Amino acid sequence: MVAGAVRYCPIVKTALRILGLACLSAATGWVLLGLRASGWNLRGAWRSACDLCSRPAGFRYAGPVFGRQPEVVCLRCIADGTAAISLGLRDGIRAEFTDVGWGVPDDVPKAVREEISQRTPGFIGWQQEHWLYHCADAAAFLGRVGWDDVRPLPDALASLRADLVQLGVDASAAEEQIAAMHRDGELTGYLFRCLHCGTHFAYSDAS
Ligand SMILES: [Zn+2]
Ligand SMILES: [Zn+2]
């Protein structure tokens, strides 16, 4: 079970965060969607060499890089921190793949924030992307989602409603927005799952 895997080494834990969809979706066929949505591009990447380690990249990272922009960077180099160091812009300032400068609960340790910002591939959203957290830890990103994807997930629906209401959207308009979400549309959800308790939660944004 994924929940038990949080005892594993940091590299395994990082892999669970970014490939969480693979665990969830064996029955749904979402695995490739999740990889793409997580910022990984499969096309042509298998034989392309990573700019940093020169090994075949496998997956090509296509998400945000707050640092020097690589042509090809592999999962290994992001997960072990090589990419954060090598793509840094100035002395001592490491490259980041997700902005963790806001919206992080106080009970999330600094080491977790660094794991997400420096050793976990980011994902591409319409607006500024942000990671979600639960049980004092960063959650696994499962991918972009639409109404059909979240309809069977009452916990994810509750979080989407709460997020919109907190932004000032009234309850009925929030329901309409959630029902209009599409994973490839101009109104999109971003789904996460807690590695500890299994709760799903999400936020949405628009073009
Ligand atoms: Zn590499
Ligand atoms: Zn939790």
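The legends below describe close-up views of a predicted model. In this predicted model, local features need pLDDT of at least 70 and side-chain atom pairs count only at pLDDT 80 or more, while totals for chains, interfaces and linings use all residues. Residues are numbered from 1 along each chain as its sequence is written, chains are lettered from A and ligands numbered from 1 in the order written, and side-chain values use heavy atoms, without hydrogens or water.

**View 1. Donors of the zinc ion (ligand 2).** His134 (ND1), Cys135 (SG), Cys194 (SG) and Cys197 (SG) coordinate the ion at 2.0 to 2.3 Å. Donors are N, O and S atoms within 2.8 Å of the metal (3.2 Å for Na, K and Ca); water is not among the atoms, so sites may look incomplete. The angles between the four donor atoms are 100 to 114°, so the arrangement is tetrahedral (four donors with all angles between 85 and 135 degrees).

**View 2. Spacing of the zinc donors along the chain.** The donors of the zinc ion (ligand 2) follow the pattern H-C-x58-C-x2-C. Cysteine 135 lies in the loop between strands E3 (133-134) and E4 (137-138), and cysteine 197, 62 residues apart from it, in the loop between strands E6 (187-193) and E7 (200-206). Strands (E, at least two residues) and helices (H or I, at least four) are DSSP runs, numbered from the N terminus.

**View 3. Helices H8 (residues 154-166) and H9 (residues 171-179).** Their axes come within 9 Å and cross at roughly 125°; axes are lines fitted to C-alpha atoms, for helices over the stretch in contact, and angles run from 0 to 180 degrees between N-to-C directions. Contact (heavy atoms within 4.5 Å) involves Leu157, Leu160, Arg161 and Leu164 of H8 and Ala174, Glu175, Gln177 and Ile178 of H9.

Key: Tetrahedral: all angles 85-135°; square planar, octahedral: opposite > 155°, others 65-115°.
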